[in-house]
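The following paragraphs consider a ligand and its surroundings, and then a pocket. Please keep the sequence and the model in view while reading.

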Amino acid sequence: MNLVILGAPGSGKGTQAARIAERARIRHISTGDLLRDAVAKGTDIGKRAAGIMAAGRLVPDEIVLELLRNKLMNDEERSRFGGWILDGFPRTLAQAEALEGVLDGAGEKIDGVVCIEIDPEAVVNRLSNRRTCASCKAVYHLVSNPPAVEGECDACGGKLVLRDDDKPETIRKRLEIYKKETLPILALYEKRYRVYRVDGSKPIDEVMSKISGLIGL
Ligand code: AP5
């Protein structure tokens, strides 16, 4: 099963994509995580992306596409999993069209699109309370999904950190860009694929069970 998950920053894409991937035994491919890894490792891509990400702007399409293509077409990973869920990609119409080209070349296709809908104002609160594991990338929320031990990841014991781009002014910039650059993809996908819309303001488990029902997990 090959899926794309769309939604504003903080809508819960990463949280739900990780759960869907685990349950469906597919790969969770997050371009945000790939970029943050590149920044942490200090690669050329990471050096180019760091300032752009901290400012809440989009990294140029060609950089993200290269990262995405390498990950998506990794033979070893393709042989181990029965599909993928893309989280954070595509983010522009140009990325959406480029993705079609990559998939056509590999004989793959998108089976469905999950879109998490949420009021932008709720997002600012969510993201300022988000903590992410610096090691395994697990995501927590200090109120709605706290770790058992403060500052420590339940899954691997890694350190929980606040992302550089989770400051209120940067969150608003990211929301603006989402509306302008990413929302138009939804109209395109409505014409091409089954799009499953879910209310992201509900509790995490409720959102997951709604998605599971819709995509038949
Ligand atoms: P990326 O990492 O993709 O960030 P984003 O899209 O802004 O989304 P977030 O990760 O902030 O939120 P989310 O929807 O995954 O929510 P989460 O599940 O964490 O991208 C970061 C940056 O990288 C971009 O700004 C850009 O610079 C660059 N980038 C990445 N991809 C790119 C691309 N394709 N092209 C160009 N640039 C790119 O949840 C948020 C919080 O809410 C958590 O604390 C969670 O525990 C909590 N939560 C989740 N669901 C619920 C719920 N239902 N109820 C209550 N709390 C909840």
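A polar contact is a pair of N or O atoms within 3.5 Å; within protein, one must be able to donate a hydrogen and the other to accept it, and residues adjacent in sequence count only if both atoms are side-chain atoms. The model is predicted: local features need pLDDT of at least 70, side-chain atom pairs count only at pLDDT 80 or more, and totals for chains, interfaces and linings use all residues. Residues are numbered from 1 along each chain as its sequence is written, and side-chain values use heavy atoms, with hydrogens and water left out.

Val 59 places a backbone N or O atom 3.1 Å from a nitrogen atom of the ligand. From the side chain of Arg 126, an N or O atom is 3.2 Å from a ligand nitrogen atom, while a polar side-chain atom of Arg 130 lies 2.6 Å from an oxygen atom of the ligand. Of the 1000 Å² that the ligand exposes when taken alone, the protein buries 96% (Shrake-Rupley method, 1.4 Å probe).

The ligand is surrounded by 37 residues, each with a heavy atom within 4 Å of it. The closest are Thr 15, Arg 57, Arg 91, Arg 130 and Arg 174. Among the elements that give two or more residues to this shell are α1 (13-24), α2 (31-41) and α7 (120-128); helices are DSSP runs (H or I, at least four residues) and strands likewise (E, at least two), numbered from the N terminus. The most comes from α2, with four residues.

Helix α2 also provides the largest share of the lining of the second largest pocket, five residues. A pocket is an open set of points on a 1 Å grid over the protein atoms alone, where a 1.4 Å probe fits, with protein on both sides within 12 Å along at least five of seven lines; lining residues have an atom within 4 Å of a point. Of its 17 lining residues, Arg 36, Val 39, Val 161, Arg 163 and Asp 164 lie nearest the centre of the second largest pocket.
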